[in-house]
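Please look through the model before reading the points below. They go from one region to the next and are meant for someone who has not seen it before.

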Amino acid sequence: MKFKRTYSYALWSAIYLTLLSVIVVTISYFVIVKHLGIGAVIISIIVLFIISFFIIQYRAEHFIYRRLKKIYEDVSILDVKDLRRDSVTTDIDKLSKRMQKFVEGKRLEIKSLTERDSFRRDFLGNVAHELKTPLFTVQGYILTLLEGAGNDKEIRKKYLERANKGVERLVAVTKDLDMIAKLETDGLKLNIEVFNILELIQNVFDLFEMKAKKRNITLKFDRIYEFPVFVKGDIEKIEQVLINLVVNSIKYGKPNGTTVIAIDSYNQNKFIVRVADNGEGIKQQHLSRLFERFYRVDQSRSREQGGSGLGLSIVKHILEAHNQTIFLKSTYGDGSEFSFTMEKAK
C-alpha cells in the first residue's frame, strides 16, 4: 500500500526529532540507565516518536487549514463551506491540484457568462438595427404624406406602397424573432408524419415561380423521379426550411441561373436533400458564421435584397429539432450547395 505523502512529512519530522532526543538521552544515559534500565530508554524513544508524529501532523494540518480558511473568507467567490478540515493535508501537490481545479471551474464559468453577455449585447444591437431601418422608412413616407404630398394621388399611392413594404419587413423580422425565441426557450413542438418530399418541393417551386422569373432563375429537380420519396418529419417546418433555402438561392443567385434540388440516399436510414445554385458563392471566411443570427456576408446587398437575416439560423434550429444535420459547400464564384438529412419512412 502506497504510503501517504502527508504522513511522510510527519514521519521524517518525527525521525529527526527522535534522533535529536536520542542524542539527548545518550548524553544522560549513564544517569537514566542506572535507575530505570535499558528497556525504559527504548520505551521512551518509541513513545517520543509516536507523540512527535501526531503532533507534527496535527499542527501542519491546522496551520494550513487556518490560512486556507482565511483565503476563502477574503475571496468572495470562494465558499468557506466547501473547505473541509479532513481534506486539508500537508500534501501541497494534492492541495495545489484541488485549487487549480476549482480555479479552472470558476474561470470557465466566468468565460461562459462573459460570452453570454457579449452575445446578449450583439443580439440587442442587431434587433434594434433591423427594426430601426424599416421603422424610419415608414415614418418618413407617412410624414411626407401628412405634410401635403398626400394630395397628389400618384405620389400618395407610391409612398403608401413603399411604406407597406417597410411594414412587411417589420412583420417578417418580428415573425422570425418570435420563431427564434420559441425555438431557443420552449423548444420546437413537432408534428411528425410521413409525407412525399418531392411533392413538398414542387409546392415551394410553384410558390416562388414568379419571384424566380423576375431574376430569370430556373427552379428544377436534378432528374425525373419515377417514384415518390417518403420521409418522416413535421411537414410545415420542413417546408419552412425549403422556403428559406430556395429564397436565398433566388436572392443571391446569378441572373439567368438555376436552383437545382436533388434527393439521394445518405445511409440506410436517411435521405439527403441538396439545394444547389450557380450564384456568386460564399468566401471561405464567412462559412463558419453563416448560420449565426443576423450574420450577413454582404451587409449592403443583403439589406437591399430584404429578409430578416434569421433565415439560416431558423433552418438550423428546425433541423436540429428533427435530430438532422445541415451541410454547406461553397466555392466563391461557382455557387453554393446547402444540404440536409431527412429520416426515411419505413
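1. A residue is called buried here when its relative accessible area is under 20%, exposed when it is over 50%, and partly exposed in between. The model is a predicted one.

2. Which residues of helix 11 are buried? Helix 11 covers residues 311-321, and its buried residues are Leu 312, Ser 313, Ile 314, Val 315, His 317, Ile 318 and Leu 319. For Ile 314, a member of helix 11, the relative accessible area is 0%, under the 20% limit, so Ile 314 counts as buried.

3. What follows helix 11? The residue to look at is Asn 323, which has a positive phi near 60° and is not a glycine. Asn 323 sits in the loop that runs between helix 11 and strand 6 (326-331). With a relative accessible area of 63%, Asn 323 is exposed.

4. Where does positive charge gather on the surface? A patch of positive charge is made by Lys 158, Arg 162, Lys 165, Lys 211 and Lys 214. Helix 5 (153-184) and helix 7 (209-214) each give at least two residues to this patch. Helix 5 has the largest share, with three residues.

5. Lys 158 is one of the patch residues and belongs to helix 5. Its relative accessible area is 39%, which lies between the limits of 20% and 50%, so Lys 158 is partly exposed.

6. There is a nonpolar patch on the surface as well, formed by Ile 42, Ile 46, Ile 50 and Phe 54. Together these four residues have about 400 Å² of accessible area. Ile 42 is placed in helix 3, which spans residues 38-74. An α-helix has 3.6 residues a turn, so residues three or four places apart point the same way. At a relative accessibility of 46%, Ile 42 is classed as partly exposed.

7. Is Ser 249 buried or exposed? Ser 249, in helix 8 (residues 235-252), is buried, because its relative accessibility of 3% falls under 20%. Its side chain is joined to the side chain of Thr 259 by a polar contact of 2.9 Å.

8. Thr 341 is a residue of strand 7 (residues 335-344). Its relative accessible area is 1%, so Thr 341 is buried. What does the side chain of Thr 341 make a polar contact with? The partner is the side chain of Gln 324, at 2.7 Å.

9. Points to check when viewing the model again: the buried residues of helix 11, including Leu 312 and Leu 319; the positive patch, with residues from helix 5 and helix 7; and the nonpolar patch that includes Ile 46 and Phe 54.

Terms used
Residues are numbered from 1 along each chain as its sequence is written. This is a predicted model: local features need pLDDT of at least 70, side-chain atom pairs count only at pLDDT 80 or more; totals for chains, interfaces and linings use all residues. Side-chain values use heavy atoms; hydrogens and water are left out. Patches are made of residues with over 30% relative accessible area and no salt bridge: like charges are joined within 9 Å, nonpolar side chains (Val, Leu, Ile, Met, Phe, Trp, Tyr) within 5 Å. Accessible areas come from the Shrake-Rupley method with a 1.4 Å probe; for residues, only the protein chains shown count as cover. A salt bridge is a side-chain nitrogen of Lys or Arg within 4 Å of a carboxyl oxygen of Asp or Glu. Lys and Arg count as positive and Asp and Glu as negative; His and the chain ends are not counted. The place of a charge is taken as NZ of Lys, CZ of Arg, CG of Asp or CD of Glu. Helices (H or I, at least four residues) and strands (E, at least two) are DSSP runs, numbered from the N terminus. Buried means under 20% relative accessible area, exposed over 50%, partly exposed in between (1.4 Å probe, protein chains only). A polar contact is a pair of N or O atoms within 3.5 Å; within protein, one must be able to donate a hydrogen and the other to accept it, and residues adjacent in sequence count only if both atoms are side-chain atoms.
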